[in-house]
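Me: Hi! I'm just getting started with protein structures. Could you walk me through this one?

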Amino acid sequence: MESSTPGRSAGAPRAVIWDVDGTLIDSGPLHFAAWTTTLAPQQFNLTHERFRSSFGQRNDAVLRGFLGSEIADSQIAEIAAAKEAHYRGLLREQGIGLLPGVRHWLENLKEAGWRQAIASSAPQANLDAILDVLALRSYFSAVVSGDDVTHGKPHPEIFLRAARMLAVEPRRCVVVEDAPAGVEGAARAAMRSVGVLFAHPELGADLVVTSLEDLPADAFDRLVPSSL
């Protein structure tokens, strides 16, 4: 990966809005372990394939997919709360690392004056745990969780909310995503996108890479020029 720094914006502010799972970190194994344990009393055998197909969705959608659309909201809330508490316990006990290239880009974008936010379907408590375990809070001026929106991805609500919190126009935002729903949501928000081929074989993003280490040094400047 090239080491030069993206150019500092001389005009209106620009922003990068980050998904978390599959872009910043690989939390899949911890989530799978937490779901498996939590769903055991429901006599639901979670396969890796079923887990991968649901990964990144909000818990209400995941549980309706697993246990049926007739499941009560109260039961969804109870199961989801138990699963996420177990996940956070595993996260703090076992720790987690950033994916390749992430630290480089977080630092370079911050130095170059890009505003940065998180927009994740995860609950706020999970994002707080991740930010604390990895000491990432200094990079982000806004954090939007699944708790903050009515509609999950691919609805653009989460990205538009992040842009408002950053005070940046949607057309001057770049979304970093690893899932088709997130890439679609970025397009529906009129934002450019970088797709990371982490868990999905194809992404319709404006720029697609297998790893953030593969991004050219001027990738974000090309997507949203400072003069735009």
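Me: Which residues line the second largest pocket?
Reply: In this predicted model, the lining is made up of Asp26, Gly28, Pro29, Phe32, His48, Phe51, Arg52, Phe55, Phe198 and Ala199.

Me: What volume does the second largest pocket have?
Reply: About 160 Å³.

Me: And how does its lining split by class?
Reply: You'll find 6 nonpolar, 2 polar and 2 charged residues there.

Me: New topic: how are packed helices described?
Reply: By two things, the angle between their axes and the distance between the axes.

Me: OK, so what are those values for helix 3 and helix 4?
Reply: Helix 3 (residues 59-67) packs against helix 4 (residues 73-94) at about 110°, and their axes are 10 Å apart. An angle of 65 to 115 degrees counts as roughly perpendicular, so that is how helix 3 and helix 4 sit to each other.

Me: Which residues make the contact?
Reply: Helix 3 brings Asn59, Asp60, Leu63, Arg64 and Leu67, while helix 4 brings Asp73, Ile76, Ile79, Ala80 and Glu84. By class, this contact of helix 3 with helix 4 has 5 nonpolar, 1 polar and 4 charged residues.

Me: Now helix 5. Which of its residues are buried?
Reply: In helix 5 (residues 102-111), the buried ones are Val102, His104, Trp105, Leu106, Asn108 and Leu109. Their cover includes strand 1 (15-18), strand 2 (115-119) and helix 9 (219-223). Just past the end of helix 5, Gly113 has a positive phi of about 95°.

Me: What about helix 6, which residues are buried there?
Reply: Helix 6 (residues 124-134) has Asn126, Leu127, Ala129, Ile130, Leu131 and Leu134 buried. Helix 1, helix 4, helix 5, strand 2 and strand 3 (142-144) are among what covers them. After helix 6 comes Ala135, with a positive phi near 55°.

Me: Last one! Is Ser193 buried or exposed?
Reply: Ser193 has a relative accessible area of 4%, and buried means under 20%, so Ser193 is buried. You can find Ser193 in strand 5 (residues 192-196).

Me: And what is Ser193 in contact with?
Reply: Leaving aside neighbours within four places in sequence, Ser193 is in contact with Val174, Val175, Val183, Ala186, Ala205, Asp206, Leu207 and Leu223.

Note on methods
Residues numbered from 1 in each chain as written. Predicted model: local features only at pLDDT ≥ 70, side-chain atom pairs only at ≥ 80, totals over all residues. Heavy atoms only, no water. Axes fitted to C-alpha atoms, helices over the stretch in contact; angles between N-to-C directions. Helix = DSSP H or I, 4+ residues; strand = E, 2+ residues; numbered from the N terminus. Parallel < 35°, antiparallel > 145°, perpendicular 65-115°, else oblique. Contact = heavy atoms within 4.5 Å. Nonpolar A, V, L, I, M, F, W, Y, C, P; charged D, E, K, R; others polar. Buried < 20%, exposed > 50% of the residue type's maximum accessible area, 1.4 Å probe, protein only. 1 Å grid on protein atoms, 1.4 Å probe; cavity = no way out; pocket = protein on both sides within 12 Å on 5 of 7 lines; lining within 4 Å. Points joined across faces, edges and corners; volume = space filled by probe spheres on them.
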